[in-house]
Amino acid sequence: MIVLEHVKKNYQEFSLDCSLEVPKGCITGLIGRNGAGKSTTFKAVLGLIRTDGGKVQVLGKPVDELTKADREQMGVVLSDSGFSEYLKIKDLIPVLRSMYHSFDEGGFRKRCERLSIPLDKKMKDFSTGMKRKLQIIAALSHDARLLILDEPTAGLDVVTREKLLDMLREYMEQEERAILISSHISTDLESFCDDIYLIDEGKIVLHEDTDILLSSYGILKVTPEQYEKLDKSYLLSKKKEDYGYRCLTSQKRFYMENFPDLVIERGGIDELILMREREEMSR
C-alpha cells in the first residue's frame, strides 16, 4: 500500500532519508521523538512536499501519478489540519458528500453519536479532542483502503482513545486495507500495530514486529563490573548511568538464561526512544 525507498528531503538543519513499507492488511506504526522526521515522512507519502530523491509509491503508483479517484481511497488525519471552524457538522456533511463518492452519511452520523460529537455546534466551539475525533470519523466514512494518521489520539482521554482504536480495528476487519499511524502514546501503538518503525534524525534506525519487540527486547541494568563480564553480542546500544550501564537488547531471554543475576526490565516503545536519546552505540 505504501513503499518508500530512500526518500530524501533536505532542509537547512534537517535531512530525511527514509525507507519503509506498509503492506495490505497491516497496521504500521512510525515512532520517534519530536523533530525526528515523522511529519516530513507523512507529507512525503501524501505528496505534500517535493522530495529531493528516492521513490514514493502509494496504492501501487508513484505518488505524483495518483488521480482524484485514487486519493479518495485514502483517509488522512494530520496534526496540523482540520475543517473550517465556522461550520457545523450538519453543514459539513454535504461538503463531505461532494468530496467523496463513497461517503457513508449514515455511518458518519452513527460515529458522531458514538463519540458524542454534536451536529448543531460550530466547530470553533469544539475542544481540541472533539476536533481530532471529527477528523478521524471523517477519514473512516468514505470507504478508504488506506488510512494515514499522524498523532490521531493526541489530546484524548484514555476512554475516548480506546473507542477510536476500536473503530480503527473494525475498519481493518475488511481485507485489502492498511494503516500508517504515528503516536506519542506508546501503549496505543503497542496494543494496536503489527509492526513498528523507529525514525531518528531523519533515518529509520529500527524496524520490528510489535510482538517480537514486546517479547524479546529488554533493558539490562548492569554495574561496571557486570558490564565487563557481559557477553555483548546481543546488545543494540548502551547508555551510561550513575550505577553503571543501561543496555538495550533484542535477545532478552539469552541474558535471562545466561546471566541470572542481572536486573532485566521490559523493553518497549518508550525505551527505544529513550535509548536513542543519549545512547552510545555498541557496534
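**Pockets, cores and selected residues of the predicted model**

The lining of the largest pocket is made up of 11 nonpolar, 5 polar and 2 charged residues. The structure described here is a predicted model, and the pocket in question has a volume of about 440 Å³. Of the 18 residues that line the largest pocket, Met74, Gly75, Val76, Met99 and Tyr100 are the closest to its centre. At least two lining residues come from each of strand S6 (74-77), helix H3 (89-99) and helix H5 (128-140).

The second largest pocket has a volume of about 230 Å³, and of the 14 residues that line it, those closest to its centre are Asp104, Arg111, Leu140, Gln174 and Arg177. Helix H4 (105-114) and helix H6 are the elements that give two or more residues to this lining, which divides into 3 nonpolar, 4 polar and 7 charged residues.

Nonpolar side chains tend to be buried together in soluble globular proteins. In the present model the largest nonpolar core holds 48 residues, of which Phe108, Leu147 and Ile179 touch the most other members; helix H5 provides the largest share of this core, with 7 residues. Leu147, when neighbours within four places in sequence are left aside, is in contact with Gly75, Ala139, Leu140, Leu168, Tyr171, Ala178, Ile179 and Leu180. A second, separate core comprises 29 residues, including Met1, Leu20, Phe42 and Leu46.

Helix H1, which spans residues 38-46, is accordingly described as mostly covered, with 7 of its 9 residues buried. Just after this helix, Gly47 takes a positive phi of about 75 degrees.

Ile148 is classed as buried because its relative accessible area is 0%, under the 20% limit. Between the C-alpha atoms of Ile148 and Tyr245, which are 97 residues apart in sequence, the distance in space is 38 Å.

Arg161, located in helix H6 (residues 158-171), is likewise assigned to the buried class, because its relative accessibility of 13% falls under 20%. The side chain of Arg161 reaches the backbone oxygen of Leu156 at 3.4 Å. Beyond its neighbours within four places in sequence, Arg161 is in contact with Thr153, Leu156, Ile185, Thr187 and Asp188.

His6, in strand S1 (residues 2-10), counts as partly exposed, because its relative accessibility of 48% lies between the limits of 20% and 50%. The side chains of His6 and Asp17 are joined by a polar contact of 3.2 Å, and Asp17 is listed with Cys18, Ser19, Gly53 and Gly54 among the residues in contact with His6 once neighbours within four places in sequence are set aside. His6 and Ser98 are 92 residues apart in sequence, and their C-alpha atoms are 36 Å apart in space.

Note on methods
Residues are numbered from 1 along each chain as its sequence is written. This is a predicted model: local features need pLDDT of at least 70, side-chain atom pairs count only at pLDDT 80 or more; totals for chains, interfaces and linings use all residues. Side-chain values use heavy atoms; hydrogens and water are left out. Helices (H or I, at least four residues) and strands (E, at least two) are DSSP runs, numbered from the N terminus. Buried means under 20% relative accessible area, exposed over 50%, partly exposed in between (1.4 Å probe, protein chains only). A polar contact is a pair of N or O atoms within 3.5 Å; within protein, one must be able to donate a hydrogen and the other to accept it, and residues adjacent in sequence count only if both atoms are side-chain atoms. Contact means heavy atoms within 4.5 Å. On a 1 Å grid over the protein atoms alone, a cavity is a set of points where a 1.4 Å probe fits but cannot get out, and a pocket is an open set with protein on both sides within 12 Å along at least five of seven lines; lining residues have an atom within 4 Å of a point. Grid points are joined across faces, edges and corners, and a volume is the space filled by probe spheres set on the points. Ala, Val, Leu, Ile, Met, Phe, Trp, Tyr, Cys and Pro count as nonpolar, Asp, Glu, Lys and Arg as charged, and the others, Gly among them, as polar. A nonpolar core is a set of buried Ala, Val, Leu, Ile, Met, Phe, Trp, Tyr and Cys residues joined through side-chain atoms within 4.5 Å.
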